[in-house]
Amino acid sequence: MDLGLAERTVLVTGGSSGVGLATVRALLDEGARVATCGRDADRLAGAAAELGAGDRLLTGVCDVRDAAAVRDFTHRAATEFGGIDGLVNNAGQSRMKGFADATAEDWRDELELKFTGVLNPLQAALPWLRASAAACVVNVNAVLAKQPEPRLITTSAARAGILNLSKSLSADLAPDGIRVNSVCLGLVDTGQWTRRHAAAGSGLGYQEWQAELAADRGIALGRLGRADEVAYAIVALLSPRASYITGTSIDVCGGVGRGIL
Ligand code: NDP
């Protein structure tokens, strides 16, 4: 099926690794032009070399918390590619802190990352999204937004706020023809989990450790997800074929979510 993404431009934050990188790859496969950013120039260069996309890929070093840097990068992407049709707010990470050990700084940093990670790119891309005939924003969120984890208390609370914000934005931006949706992830095998495996020092190999993790968290499909399994959901939402889908969220979580909505 032609998803109608060829020659469209999508900005993906945090495309040098994991879900972002898989999304960039899937979009390039659909013939889209992609602009992506991250904080580490070497990781970005490595991703660009791996993707080998030539002039359909633009990368830039930029921290999503820095509004001016995000504005500059977005302007560069829109100028180079002649507009922006889609925005994937993906950059970020979670914070393993419970109520007892979360400091005021943890709360501030987590809320800042999650909210500026959506608001800065959206505000920067808005003029071009308004001008697009098929504009769509996808916020990469977590099942934690609906099913909080005490050991991730700051991230859970911030994620819930972002899910709420996405709903408001979908109503606010609908008159401009901009759809806004979310994907809510469970546990997806990316750099976040290889780093946690290394930090855990359990003595278990990565696959064994993952299997224990899946059992402990009650993942119905019995395994962590792959980044490309998330990317397909994001690309489906970005497609103009999803033109009547806005204000919703799709769980991509292997059945770890316990809720019905
Ligand atoms: P990775 O760590 O594999 O990739 C994160 C990407 O975001 C990298 O490209 C990183 O590059 C970039 N990034 C991180 N912080 C910033 C920042 N402040 N500004 C710009 N770029 C940034 O993570 P995942 O692919 O696992 O995660 C992607 C998203 O999905 C995140 O928002 C994460 O919280 C969310 N998520 C992931 C889950 C999982 O199990 N993997 C579960 C639930 C949600 P660099 O470090 O160079 O900046």
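1. Disulfides. A search of the whole structure, which is a predicted model, turns up 0 disulfides, a disulfide being a pair of cysteine sulfur atoms within 2.5 Å. C184 takes part in no disulfide, and the nearest cysteine sulfur, that of C253, is 8.6 Å away. Seen from C253, the closest cysteine sulfur is that of C184, and the 8.6 Å between them is too far for a bond. C184 is buried, at 0% relative accessibility, and C253 is likewise buried, with a relative accessible area of 13%; here buried means under 20% relative accessible area, exposed means over 50%, and partly exposed lies in between, with a 1.4 Å probe and protein chains only.

2. Basis of the values. Residues are numbered from 1 along each chain as its sequence is written, and side-chain values use heavy atoms, with hydrogens and water left out. In this predicted model, local features need pLDDT of at least 70 and side-chain atom pairs count only at pLDDT 80 or more, while totals for chains, interfaces and linings use all residues.

3. The ligand is surrounded by 32 residues, of which S16, S17, R39, T190 and W193 are the closest; a residue counts as near when one of its heavy atoms lies within 4 Å of the molecule. The space that the ligand takes is the largest pocket. A pocket, on a 1 Å grid over the protein atoms alone, is an open set of points with protein on both sides within 12 Å along at least five of seven lines, and a molecule sits in it if more than half of its atoms lie within 2 Å of its grid points.

4. Elements in the shell. Helix α1 (18-29), strand β5 (135-142) and helix α6 (191-200) each contribute at least two residues to the shell around the ligand, and the largest share, 4 residues, comes from α6. Helices (H or I, at least four residues) and strands (E, at least two) are DSSP runs, numbered from the N terminus.

5. Backbone at E7. Most residues other than glycine have a negative phi. E7, although not a glycine, has a positive phi of about 70°. The residue is placed in the segment before β1 (9-13), and E7 counts as exposed at 55% relative accessibility.

6. V88 belongs to strand β4 (residues 86-89) and is buried, with a relative accessible area of 1%; the C-alpha atoms of V88 and S182, which are 94 residues apart along the chain, are separated by 9.4 Å. G92 sits in the loop between β4 and α4 (104-131), where G92 counts as partly exposed at 39% relative accessibility, and its C-alpha atom is separated by 9.6 Å from that of E110, 18 residues apart along the chain.

7. D42 lies in helix α2 (residues 41-51) and is exposed, with a relative accessible area of 64%; from D42 to G86 the separation is 44 residues in sequence and 25 Å in space, C-alpha to C-alpha. W209 lies in helix α7 (residues 206-217) and is buried, with a relative accessible area of 13%; its C-alpha atom and that of G177, 32 residues apart along the chain, are separated by 45 Å.

Methods:
1 Å grid on protein atoms, 1.4 Å probe; cavity = no way out; pocket = protein on both sides within 12 Å on 5 of 7 lines; lining within 4 Å.
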